[in-house]
Amino acid sequence: MDNQHYVPRLLLKHFVFGSTKLFVFDKRTERPFPKAIKKVACGFGFDECEVGGEPFSIDPLLKKIENRASPIIDSLVAMRSLRVLSGPDKEMLALFATVQMLRTDGRRKELKGLIDSVRDAVERAGIDPSKVRGFEFLDMEQTRVAAITSLPELARDLLPEFLNKSFILYSTTEEHPFYISDNPVVRFNLKQDPLRSTLGLRTRGIQIYLPISSTLCLGFLCPSINLPLRVRILGRPLSLSPANVEHFNSLQVLNAEQFVYSQREDFALVRTMFSQIPEARRGPRWS
């Protein structure tokens with residue numbers, strides 16, 4: 001059984017100090033420490049399960065996507081411009097981001113949280129969960145298997161929602177680096193609704209972010225959002241102020257299941273957020 005990464009090293013290598021390590025902040029113990037990228041965001045047999053008594057693995061598919069995406073991301077980081085991307089390159093980046101959103105431990109736990117919240121609501125209504133038709137109340141292992149087996153089809157279904165967004169690069173300085181986390185594809189929307197979520201991939205105003213290095217973040221923005229001409233036409237990065245970077249990093253903290261990663265041992269933002277938002281200590285949940 002192999003040690004399989006749910007945040008691939010092709011991303012993590014762009015956040016290292018020295019050559020192979022990055023700083024990790026554990027949200028549960030609230031302590032930082034350095035660690036080699038080969039030992040973070042991974043688990044033995046993470047992408048493997050049994051279906052009908054037979055072994056099933058999405059690892060070969062993920063490796064194929066990673067092998068194609070890696071040189072594209074390397075080129076983007078080196079050249080710092082979207083102009084280096086061809087049409088097929090953009091399609092691969094969109095696929096990579098779609099799959100990255102679906103493949104993490106945080107996503108599996110969020111799915112289990114949704115299932116549990118529905119069960120709790122059903123039980124509070126005085127209904128036997130076993131008699132609810134059309135909804136499976138899965139345990140943790142069943143949820144893991146469902147997440148693994150459904151990923152290829154779900155990625156195909158969601159890929160168009162990434163492809164129809166406006167691609168944008170954001171940049172920062174080494175003094176104010178981007179965080180990345182164990183659940184790094186994050187969503188944000190300035191538009192709020194008192195009754196429903198505005199974080200759906202098809203929601204007007206949705207913004208999707210994936211950090212690709214300590215100084216670059218790739219964005220997929222709703223086409224309704226106006227972008228500066230130099231960004232739309234020339235593909236240049238949009239430089240962020242330290243306050244803007246803090247906002248981007250706060251999204252990583254909120255979305256992280258357990259670990260936040262950085263090139264620098266500076267996690268003051270995480271501690272501040274914990275004092276102001278106690279729920280930030282855990283991963284995203286539906287309840």
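Contact means heavy atoms within 4.5 Å. The model is predicted, with local features needing pLDDT of at least 70 and side-chain atom pairs counting only at pLDDT 80 or more, while totals for chains, interfaces and linings use all residues. Residues are numbered from 1 along each chain as its sequence is written, and side-chain values use heavy atoms, with hydrogens and water left out.

**View A. Contact of helix 2 with helix 3.** Helices (H or I, at least four residues) and strands (E, at least two) are DSSP runs, numbered from the N terminus. On the helix 2 side, the contact is made by Leu62, Ile65, Arg68, Ala69, Ile72, Ile73 and Leu76; on the helix 3 side, by Asp89, Met92, Leu93, Leu95, Phe96 and Val99. These residues comprise eleven nonpolar, no polar and two charged (nonpolar: Ala, Val, Leu, Ile, Met, Phe, Trp, Tyr, Cys and Pro; charged: Asp, Glu, Lys and Arg; polar: the others, Gly among them).

**View B. Crossing of helix 2 and helix 3.** The axes of helix 2 (residues 59-79) and helix 3 (residues 87-102) cross at roughly 120° and come within 9 Å. Axes are lines fitted to C-alpha atoms, for helices over the stretch in contact, and angles run from 0 to 180 degrees between N-to-C directions. Helix 2 and helix 3 are therefore oblique to each other (under 35 degrees is roughly parallel, over 145 roughly antiparallel, 65 to 115 roughly perpendicular, the rest oblique). The crossing of helix 2 over helix 3 is left-handed, meaning that the near helix is turned anticlockwise from the far one by less than a right angle.

**View C. Strand 7 and its partners.** Five of the six residues of strand 7 (residues 166-171) are buried (under 20% relative accessible area, 1.4 Å probe, protein chains only). Strand 7 runs antiparallel to strand 11 (residues 216-221), joined by six bridges; strands pair if DSSP finds at least two bridges between them. With strand 12 (residues 238-239), strand 7 pairs in the parallel sense over two bridges. Serine 171 lies opposite leucine 216 of strand 11 and has serine 239 as its bridge partner in strand 12.

**View D. Surroundings of threonine 143.** Threonine 143 belongs to helix 5 (residues 140-163). Its relative accessibility is 0%, so threonine 143 counts as buried. Leaving aside residues up to four places away in sequence, threonine 143 touches Arg108, Leu111, Lys112, Ile115 and Leu138.

View E. Four bridges link strand 2 (residues 21-26) to strand 13 (residues 259-262), with aspartate 26 opposite phenylalanine 259.

How values were computed: Buried < 20%, exposed > 50% of the residue type's maximum accessible area, 1.4 Å probe, protein only.
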